[in-house]
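Visitor: Hi, I'm new to this one. Could you put it up and walk me through it?
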Amino acid sequence: MLHGARHGWVEVVAGVMFSGKSEELIRRVRRALIAGRRVQLFKSHLDDRYGGQFRISSHDGRQIDAEPVSNSVQLAEKVRPETQVVAIDEAQFMDDGICEVVDALADAGMRVIVAGTDMDFRGEPFGPMGLLLARAERIDKLNAICVVCGDPATRNQRLIDGKPAPAEGPTIQVGGAESYEARCRGCHVVPKRDRAQGELLLRRATEGWEGV
Ligand code: ADP
Ligand code: ZN
């Protein structure tokens, strides 16, 4: 992809949780290391899945550690001018400024690989992901497997004490009592939103479309 390009570009690996975005990011970074490229890897400080450690190694023994960053300005400051490939995991936790940063890096000739969950637990665009998807030269949207029915999963189901979490909860909830499942559109449940949509349909039925 984009072989021989003299300029940089942005590629986004999007999808639901458990869809293999990190696996794909690691695969691409490993291949960039095999190609002898100078790579820097970043992740949001909010992601502690790896206990603060996220290291990618290639078979020839080269390895890089993910540098935690808390915002796009910090990320921009950490990129070294000689870097050729910049990889960012969990980009949904970044601020909107990340869009200008990745554009600037690509303009400066770097290959930028961004992985992130594109939808929040309500099924709405998550953080800057929608904007990043619009700017990317290449997009890959991965699916997981719906834990309810086995179809391809595209949604993050937030559960609190095993029950679907209401839409009004915070978008980012780190270290809380909630858990997440990958689900398909049909099995995804967001109580408040589902009720609001039901009410809308009811009003349309009783008042006609003009009344809505
Ligand atoms: P992501 O970064 O998208 O959250 P990861 O790369 O961390 O995903 O994990 C993907 C792995 O998660 C899969 O290879 C699989 O082994 C595992 N997994 C757990 N639950 C599911 C699921 N419901 N659907 C697909 N893979 C799952
Ligand atoms: Zn399903």
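Visitor: Which residues coordinate the zinc ion (ligand 2)?
Guide: C146, C149, C184 and C187 do, each through its SG atom, at 2.3 to 2.5 Å. Donors here are N, O and S atoms within 2.8 Å of the metal (3.2 Å for Na, K and Ca), and water is not among the atoms, so sites may look incomplete. Keep in mind that this is a predicted model, where local features need pLDDT of at least 70, side-chain atom pairs count only at pLDDT 80 or more, and totals for chains, interfaces and linings use all residues. Residues are numbered from 1 along each chain as written, chains are lettered from A and ligands numbered from 1 in the order written, and side-chain values use heavy atoms, leaving out hydrogens and water.

Visitor: What is the geometry of the site of the zinc ion (ligand 2)?
Guide: Tetrahedral, with angles of 99 to 118° among the four donor atoms. For four donors, that label requires all angles to lie between 85 and 135 degrees. The ideal angle for four tetrahedral donors is 109.5 degrees.

Visitor: And what spacing do the donors follow along the chain?
Guide: C-x2-C-x34-C-x2-C. C149 sits in the loop between β8 (144-145) and β9 (152-153), and C184 in the loop between β12 (178-183) and α5 (191-207), so this pair ties together parts 35 residues apart in sequence. Helices (H or I, at least four residues) and strands (E, at least two) are DSSP runs numbered from the N terminus.

Visitor: Is C184 buried or exposed?
Guide: Buried, at 10% relative accessibility. C187 is buried too, at 17%, while C149 is partly exposed at 40%. Buried means under 20% relative accessible area, exposed over 50%, and partly exposed in between (1.4 Å probe, protein chains only).

Visitor: Switching to ligand 1, which residues come nearest?
Guide: F18, K21, S22, E23 and I145, out of 13 residues around ligand 1. A residue is near if one of its heavy atoms lies within 4 Å.

Visitor: Which element gives the largest share of that shell?
Guide: α1 does, with three residues.

Visitor: How far is a polar backbone atom of F18 from an oxygen atom of ligand 1?
Guide: 2.9 Å. For G20, a polar backbone atom is 3.0 Å from a ligand 1 oxygen.

Terms used
Tetrahedral: all angles 85-135°; square planar, octahedral: opposite > 155°, others 65-115°. Polar contact = N/O pair within 3.5 Å; in protein donor to acceptor, adjacent residues only side chain to side chain.
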